[in-house]
Each structure stands twice: as structure tokens, then as C-alpha cells.
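Have the sequence and the model at hand while reading.

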Amino acid sequence: MIREVIVVEGKDDTVAIHRAVEADTIETGGSAINDTTIKRIALAQERRGVIIFTDPDHAGEKIRKTIAERVPGCKHAFLPRHEAIAKGDLGVENAKPEAIRRALEQVRSEMPSMTSELTWTDLVEAGLTTHAGSAERRRQLGEILGIGYCNAKQMLKRCGVFQIGREEFENALRKLNQFEQGQCAEGE
């Protein structure tokens, strides 16, 4: 049983969560989150803690941001896009139980007042912005770090919010580079 309450977008997401783990959920009912739902999430955060687990798309990120702004201190679980898609439909409800469990094992705690020890220059030098293929590198690095896909500015912010230090960042970059070199070797 997961101690925290998991916030998802809809009923199908709750069904998928229950296939993977024993947990209670709160459904937002989409991106237009009403005050009653926010109050329920705030109460859950106060009493048990909350894990925000939304779809890896624009609407899911909007919901995540809204909840995080109004209910401080939530935890976050991120599902890679390729593990959340079926028949052209993207969402938590499409993920296999193993993918949901992996995402929940990599849950990240939010520390909104923290700043990143990483800089924009670190992202540029790592090929995560202003380079050809930087969006794909960010997607892969986001998966390795368990922070989801985001643009470069958001990545820098998430590294601070989720307290990803230089050592963790560099270790993730090494994994990414090894993965890319392995793919190149296979593809040659």
C-alpha cells in the first residue's frame, strides 16, 4: 500500500494505478481543476502526502503545475511518453503496471525554494539546448533522472526543485552518453 494519495486525471488512470499498486487516488477530472478538488488534494497532502501522477503531455503538465502551485510540497511521478501510449492515445491509463511501478519508485520530492547548482552553461555543454538533437537528449535525460520531458528552461528549474545536484546530473549524462554510444555501435 502506498502511503501517499496519488493524484491522477481521470477514472481510467485510477484503474491503471490499481492494476499496478494498492493506493488511493484523487481524480482531477481534467485540466479545469475546481476549488473543491484542490481542497481535497490539500487535505490529503496535510494528512498523508500527495504524489502527482499526470499524463506526459501538455495538459498533464498544466495540471501538475496548477496543483504544485496551490498545494506546496507534493511529490511527483513521471511516466515516459513511450510507456504511456497505445493506439495513438497518450496517458497514464495506457501504461503497463510495471511502468507505473517504476515511475512510482522514482518519485521526486519538490523543494520549491531551492535553486539549482547547475547553470545554463551546463545544459549547453551537455548538448541539452542550442544543439541539433537537444530535445531528444533532454527527453532521454529526463527519463534517466525521473523528472519527465521538459524544455531546457524547465529542466534547469526541475533540477533545482527536485534537488538534482551536479554529481547526479553528471552520472545521468554518463548513462545517456553510454546509451547513445551503444546505439551507435549497434547501428553501424
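## Salt bridges

A salt bridge is a side-chain nitrogen of Lys or Arg within 4 Å of a carboxyl oxygen of Asp or Glu. The model is predicted, so local features need pLDDT of at least 70, side-chain atom pairs count only at pLDDT 80 or more, and totals for chains, interfaces and linings use all residues. Residues are numbered from 1 along each chain as its sequence is written, and side-chain values use heavy atoms, with hydrogens and water left out.

The structure holds twelve salt bridges. One of them joins the side chains of Asp 35 and Arg 70, at 2.8 Å from N to O. This pair links distant parts of the chain: Asp 35 sits in helix 2 (residues 35–47) and Arg 70 in helix 3, 35 residues apart. Helices here are DSSP runs (H or I, at least four residues), numbered from the N terminus. Asp 35 is partly exposed, with a relative accessible area of 46%. Arg 70 is also partly exposed, at 44%. Buried means under 20% relative accessible area, exposed over 50%, and partly exposed in between (1.4 Å probe, protein chains only).

An α-helix has 3.6 residues a turn, so residues three or four places apart point the same way.

The bridge between Glu 61 and Arg 158 has its closest N and O atoms 2.3 Å apart. It links distant parts of the chain: Glu 61 in helix 3 and Arg 158 in helix 7, 97 residues apart. Glu 61 counts as partly exposed, at 23% relative accessibility. Arg 64 counts as buried, at 4%.

## Arg 158 and helix 7

Arg 158 lies in helix 7 (residues 152–161). It is buried, with a relative accessible area of 11%. Leaving aside neighbours within four places in sequence, Arg 158 is in contact (heavy atoms within 4.5 Å) with Glu 61, Phe 78, Ile 147, Gly 148, Tyr 149, Cys 150 and Gln 163.

Seven of the ten residues of helix 7 are buried, so this helix is largely enclosed by the rest of the structure. Among the buried ones are Met 155, Leu 156 and Cys 159. Asn 151 caps the N-terminal end of helix 7, with a side-chain oxygen 3.1 Å from the backbone nitrogen of Lys 153. Gln 163 follows helix 7 and has a positive phi, near 55 degrees.

## The largest pocket

The largest pocket holds about 910 Å³ of space. Of its 40 lining residues, the closest to its centre are Glu 61, Arg 64, Phe 78, Ile 147 and Arg 158. On a 1 Å grid over the protein atoms alone, a pocket is an open set of points where a 1.4 Å probe fits, with protein on both sides within 12 Å along at least five of seven lines; lining residues have an atom within 4 Å of a point. The volume is the space filled by probe spheres set on the points, which are joined across faces, edges and corners.

Helix 3 gives the most to this lining, with seven residues. By class, the lining has 14 nonpolar, eleven polar and 15 charged residues. Ala, Val, Leu, Ile, Met, Phe, Trp, Tyr, Cys and Pro count as nonpolar, Asp, Glu, Lys and Arg as charged, and the others, Gly among them, as polar.

Notes:
Helix = DSSP H or I, 4+ residues; strand = E, 2+ residues; numbered from the N terminus. Polar contact = N/O pair within 3.5 Å; in protein donor to acceptor, adjacent residues only side chain to side chain.
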